[in-house]
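I opened this entry to record what I looked up, starting with the metal site and moving on to a helix and the domains.

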Amino acid sequence: MKSVKAIIAGTIYTPLEEIRNGVILVEGHRIAKVGPRDQVKIPQGAAVIDYQDRTVVPGFIDIHIHGAVGCDLMEATPEAVAAVGKYLARHGTTSYAATTVAASLDRTLNAAKGLGEIIRTSNSLQVGSDKITGAQPVCIHLEGPFLNIKRRGAHPASQIQKPSTDLLARFLDAAGGTVRILTLAPELEGALALLEFARSKGLKVGIGHSNATYEEAKSAIEAGATHAVHCFNAMRPFQHRDAGIIGAVLTDDRISAELICDGIHVEPTAIRLLVRSKGIERLILVSDSLSGAGMPDGNYRLGNFTVHVASGVCRTVDGSLAGSTIMLDAALRNLSAFTGLSYRECLPCITTNPARILGLEKQKGVIAPRADADLAVLDQQFYVTQTYVRGRPVL
Ligand SMILES: [Zn+2]
């Protein structure tokens, strides 16, 4: 018989609904029931965990993350993935898209293969709960290598590639069906053919690291791009006579936008503009965090190059911003502070919205029957005090 847990909390945000004095019944890996305490019968023999006045929300989903605590996900080893997962869980994140950086062919194939194997194993329903120690990688996000060299940010110029369906096919093959997102620069020659190929393989296509004009970005949206990667960063700047890719992203409802909400990558007024343009329902907070996240200041690896972290800000040797050290819990508190929206109003940006991008909206990012029991327990200031990954408390 599966173990049953009854998790009681003062407030539950599903996040569609707010439930006061609520209870979540967890059976094995999954949620069986959620509702007010006076409406949900707790079965005999269930382990009752009472979080009193705390708030329980769905575990957070990070669709753009390169590493943390000294580990780069390009290492693609079970040890690196476990270390990153443990750190993410401390900040309420329960699933994520392991994100690549432009690197040599061998290194990218190796990362795709290694991560693919880890993802397939950790997602298998048979995985013993004692094997779950932190956030789980649910898919791969290929950030490049088909990027615009002018807007490459921290991706090394020597590893940027021209759009190639052959090359993408090799990556997808190596990853064994675990790639879910491809970021490309749509203005490159051959990019739209690559975009269509990626869509035919079931990928979501994000536009980013791009110098696209408004028209070029619109063509990509027409061709099926549905996502903009770290909006404003590594994009042709918006100008009132040359609105560019940012103008297209801000004004087209078919496209969702990632935001690195640390207040450094994008300043608060631009964040408010983004929220007004996209609405909360099309905004996705991402960490874009690097191996230096959760570590003291110093030099850290990103793929095969070095970035310097000082006071939590990551830069390459030439001074470009290179990813962040922020986690989604802090990003959410920032978004609330910058916009005046409540924590609850901001919550879809790290739960339901990223789940939708990954096609996992029934399984992740929501507290509902049959969804995975991925939960974050929060105090009044929205700091994480416990995290459950598929029914298992991991802190
Ligand atoms: Zn990037």
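I looked up the zinc ion first: its donors follow the spacing E-x65-H-x20-H along the chain. I took donors as N, O and S atoms within 2.8 Å of the metal (3.2 Å for Na, K and Ca), with water not among the atoms, so sites may look incomplete. E143 lies in strand β10 (residues 136-143) and H230 in the loop between β13 (227-228) and α6 (244-251), so the pair ties together parts that are 87 residues apart in sequence. Helices (H or I, at least four residues) and strands (E, at least two) are DSSP runs, numbered from the N terminus. The protein donors E143 (OE), H209 (NE2) and H230 (NE2) lie 1.9 to 2.2 Å from the zinc ion.

I note that this is a predicted model, where local features need pLDDT of at least 70, side-chain atom pairs count only at pLDDT 80 or more, and totals for chains, interfaces and linings use all residues. Residues are numbered from 1 along each chain as its sequence is written, and side-chain values use heavy atoms, with hydrogens and water left out.

Next I checked the domains, whose bounds come from an automatic or database domain assignment. I found domain 1 (4-55 + 382-393) and domain 2 (60-364), with 30 Å between their centres, taken over C-alpha atoms. The contact (heavy atoms within 4.5 Å) takes 15 residues from domain 1 and 27 residues from domain 2.

Last, I looked up E18, which forms a salt bridge (a side-chain nitrogen of Lys or Arg within 4 Å of a carboxyl oxygen of Asp or Glu) with R344, the closest N and O atoms being 3.6 Å apart.
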